[in-house]
Every structure is written in structure tokens, then in C-alpha cells.
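Biologist: Walk me through this model, please. I would like to learn how to read its features.

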Amino acid sequence: MAASLKGSNNRRSLAMERTGQWVFSQEIPTDVVVEVGEANFSLHKFMLVAKSNYIRKLIMESKEADLTNIDLSDIPGGPEIFEKAAKFCYGVNFEITVHNVAALRCAAEYLQMTDKYCDGNLSGRTEDFLKQVALTSLSGAVVVLKSCEDLLPKAEELKIVQRCVDVASTKACNEANFPSRSPPNWWTEELSILDIGFFEKIIAAMKLRGAKSLTVASALITYTERTLRDLVRDHTGNGIRSSDTEDSNLRSRQRELLEAIVVLLPSERAALPINFLCCLLRSAIFLKVAHTCKNELEKRISAILEHVTVDDLLVLSFTYDGERLFDLDSVRRIISGFVEKEKSVAVFNGGDFQEVCSTAMQRVAKTVDAYLGEIATHGELSICKFNGIANLVPKDARKVDDDLYRAIDIFLKAHPNLDEIEREKVCSVMDPLKLSYEARVHASQNKRLPVQIVLHALYYDQLKLRSGADDAHDAMSTRSHLQADVSLVRENEALRSELMKMKMYISDIQKNSSAGGGKGLGGGSKKPTFFSSMSKTLGKLNPFRHGSKDTSNIDDVTAVDVTKPRRRRFSIS
């Protein structure tokens, strides 16, 4: 509080000291004190009345017989501008510049210091400066417009804002088409000093004048990098700390600013580079902007996703400190939107998306696989999210699955506690038959992979060796062959198992029958039993009869030594 009072007293004494340099030299003592905020000016009524119709009315309409105090605290520009207006009344020279001309024009209007009241008044002088100096160049118009931020709504009522916008938009369009200095985009730096409200007016005016989308995009990029520097330009994560989020007012202003910038983006979605759009989307996620704003950015990125790099996707995926993953839903929606667009294009062209994938789709598939390899190292990445992103890419878009296998291997290494079923679920997004020879060799020796994937890789190599096929063989036909062979092997194994069980059971029955038949040796011939008939039938059906002992001719009434029964052994090799 003491510091505040001290500062107030200093400002008052400074104002009095400045005023005394050109007022106290007058032989006539001052008769009025003008209060402007915390500053007081001791002046002469007759000098002020000669130029200001507003002060003349105040004195004449005052109920006091001798008005000695006038409060002009609401004058545009504050004490500094009133001091210059008072100097003008006293005939003291001062400099009109692009920085103060708008404020002087507004103050002149407020004080009614017009040429109608007095020839050559302050209003006319400032108007001449605006026309002849300030509004003849882009830089001058922008500086004047910047000074109008604290002069609203007076500056708009006097059409100063609109005149500056018209000049600035015209000059900016001309510079974009015909640069007059280097670097060619110097004009974008000039516009970037403005408040978002005035910047919007200039961009709207440029669009009405037919500015190209790339021209508007250039201005927006420069403006965004300057006004949201800590969010957009700092990719290292050093510009944001968790404590910064406590400043809710700052984040609220940044949120409003970002939403306003997104509205200004040109309708041509390819006009903006994808890395800039990714930075905007990350900022939007961090600032928790409106849902419509975030959706617009996702659609724009999805439309040109074939130009995306792994680093661009990583910008979306990590927080500014780089320590944890953002919600990956935005990445999933972007990839999904691109795939749907490719499907629509394929159907429109009369083709089949399942048969032929565009070059853009193949490029995106390769980028997504590499991206999965980068985020797979984070332990917080779940199997569901990993598979969800991998499955968004059509399988036909991958000529080989080597990059996807690399991502899976990294994921399994980063998540060592997965059981066999979970590891099989991770590997389900990959087709083992689309691995290159080097990848299959690696997979066959990879202890992190589930057994099923290793067997697929080994069997595929054995199948190719037998058939003499090379790596260029069609994977679809090979897969069909493999499935048929696997099915046949399973059927043979099942039949072999059943035969073994049945033969062992029949052997036991025959031993028991032989032991009982020894007592009635010499009796009549015995009728064939059901099990003996079944044994003969199965023997005839045995697909391994040429590779094992033949049991079809076994006679169930063959005499055996009762004292020492002969054991029969049935091989199923």
C-alpha cells in the first residue's frame, strides 16, 4: 500500500513538474486544476477554452461561480495524451507520431478541439498526419491499429480502426504477391503484433480481397508462433511445466486465442503444413478447447495424412514434458478418417479397396507401423490401444509386416509380464506369412513371441523349401496351402490317437478271451465277437498300415499257450 501511494505521488509530482516547465513561465497565475486519473494539471481557463469547446461548456454550464477543478479522467489516452492536448492549447510544440496520433485524434474529439470550433485545431492536425504519414505504409497502419486497442470504442466510432484495416489488408496482399523487401514474408511479422480481434479483421479483409489460401496460411502461422510461442514452437517440452497449468487465467486466454485462430484457417485444408496442424492439435488437447475446434483440426490432419511423419504423430501423442502419453483417441480418429476417405475414393473410382491400396495408403501404413514402434516402449500403453491403432490400417496396405513385427517385438519387450494368451493377442495384428526371410529367421529365434507364431514362421520356411517357392510367391495362395496342410495334419493326428486307443482296448479283450478259451480248447468254433469285427474293420481303414504292423489278419480264435500267454504289441508309428 505504501509503495502504491509513493508511486501515485511520484506520478503527480512528475506531471506538475512537466507542466510547470511551460505553464509557470506565464505571468498570469493558474486558475483551474484539471484532474486526469492520478495526475493534476494547474492551467489557465482562457487558454483551454480557446481551443476546447468541451471545456468551455463545462465552465459555462457549471453551477459554481468560479469553477476551479475539472475532472477529465475518462479522456482517451490518459494523462500523457491530455498533456499534449494542453500543450497544443498553449502553442507549445510537440511531436505527433504513429504511436500517439490515434490517441490524440480521439482526445481531440473528446475535447471537441475541431476545426469547426477553431481553425487549425488538434483534430485537423491529427487527421492530416493520418492521411499523409501514418496510413501510407503497412508498418504505419499496423502501429496505429495497435495503439487503438486501448482506445475502443472511440477509435471505431471515428473510423480509425476501419481505415487502418483497409490499408493494412491492401498492403499485405500486395506484399504477398509482389514482395518489396527481404524476407518476402516480412509483412506477416508486422501483423503478428496485433491483438486477435484486429488480426481477425485484417484476415477477413484479405480474404475479401481475394488473398490466396497460402497467403492467409503464412500470416496465421507467424501469428500463432508469436502469440502461442510456449505451446506451438517449443517441441522439447522445456517450455511447459506442471506449475504453469495453475495459471488458469493465462490458459483461458490461450484457449480463446487458439479457438479464434482455428476459425480463421483457410477453407483449403492442404494450405497448411501438417506439422503445424499437429502442433495446433496438441495445444488444443492441452488447453482443453471446445470439441468442435478439436474436431476441425483432426479432420484437417486426416485429409493430408499421407504427408505425416512419425515425429508429427509423436507430437500429438506425448505431453509437453514427454513423460506420459496423451489420450490416443485423436490419433485413432485421424487414421480412421483417412482410411474412410481412401475407401470412398476407391469406390468412386469403381475399384475395390480390398484389392488395391493407393500409394498414399501404403505410405501411411508404413508411418503408422513406425509410430507404433516408437510408442510401444511406454509401459502405460495397453494391448487394446496398441491393437486398436494397428488394426485401423487395412492388411492389404502392408506389403510386408516387418515394421509391424518390430513394433510388436518392442511392445513385448517393454511388457515382459504378459502371459501366453496376451502375447498371442498382441501378435494377432500381424500376418506371419508376410514377413521377410530375415524377419522370419529373427522370429523363429525370438523367445518373446508365443509358440504359435514361431511355429508359423518355421513351417512357412519348410513349406517354401519343399515347394521351391521364392519370397515373391503370392502370400494368399501360400496361406491357403498352409491352412489345408495344417487341417490335414490335425485330422491325421486325431485319427492316429483314436486308433491307438481302440487297438489297445482290443488287445486287452483278446488277451482275456484267449485266457478263457484255453479251458474249452477243442470245443466248437467260436462266433466272431463285436470287438473282433471292429478290429478287422479298423484294420482295413488304417491309413498307416504300410508304415506299421498290419492287424487286419489277426484271428480272434488263434490258439495260444495257456501257461505262458504271448503278448502282442501294436505299433502306430
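Modeller: Begin with the elements. Helices (H or I, at least four residues) and strands (E, at least two) are DSSP runs, numbered from the N terminus. The model is predicted: local features need pLDDT of at least 70, side-chain atom pairs count only at pLDDT 80 or more, and totals for chains, interfaces and linings use all residues. Residues are numbered from 1 along each chain as its sequence is written, and side-chain values use heavy atoms, with hydrogens and water left out.

Biologist: How many helices and strands does the chain have?

Modeller: There are 26 helices and three strands.

Biologist: What share of the residues counts as buried?

Modeller: Buried means under 20% relative accessible area, exposed over 50%, and partly exposed in between (1.4 Å probe, protein chains only). Here 43% of the 573 residues are buried.

Biologist: And how do I read contacts along the sequence?

Modeller: A contact means heavy atoms within 4.5 Å. Take the contacts between residues at least 6 apart in sequence: 70% of them join residues at least 24 apart.

Biologist: Now the backbone. Which peptide bonds are cis?

Modeller: Most residues other than glycine have a negative phi, and most peptide bonds are trans. In this model, a cis bond joins Leu 152 and Pro 153, with omega about 5 degrees. Pro 153 sits in the loop between helix H7 (138–147) and helix H8 (154–157). Another cis bond runs from Ser 182 to Pro 183, with omega near -5 degrees. Pro 183 is in the loop between helix H9 (160–177) and helix H10 (186–191).

Biologist: Where does Lys 159 lie, and what is its phi?

Modeller: Lys 159 is in the loop between H8 and H9. Its phi is positive, about 65 degrees, although Lys 159 is not a glycine. The residue is exposed, at 53% relative accessible area.

Biologist: Is Lys 288 buried or exposed?

Modeller: Exposed, with a relative accessible area of 71%. Lys 288 lies in the loop between helix H15 (274–287) and helix H16 (291–303). Its phi is also positive, near 60 degrees.

Biologist: Last, helix packing. At what angle do H20 and H22 pack?

Modeller: Axes are lines fitted to C-alpha atoms, for helices over the stretch in contact, and angles run from 0 to 180 degrees between N-to-C directions. Helix H20 (residues 383–392) and helix H22 (residues 420–427) pack at about 20 degrees, with axes 9 Å apart. The two are therefore roughly parallel (under 35 degrees).

Biologist: Which residues meet there?

Modeller: Ile 383, Phe 386 and Asn 387 in H20 meet Glu 422, Lys 425 and Val 426 in H22.

Definitions and conventions:
Angles under 35 degrees count as roughly parallel, over 145 as roughly antiparallel, 65 to 115 as roughly perpendicular and the rest as oblique.
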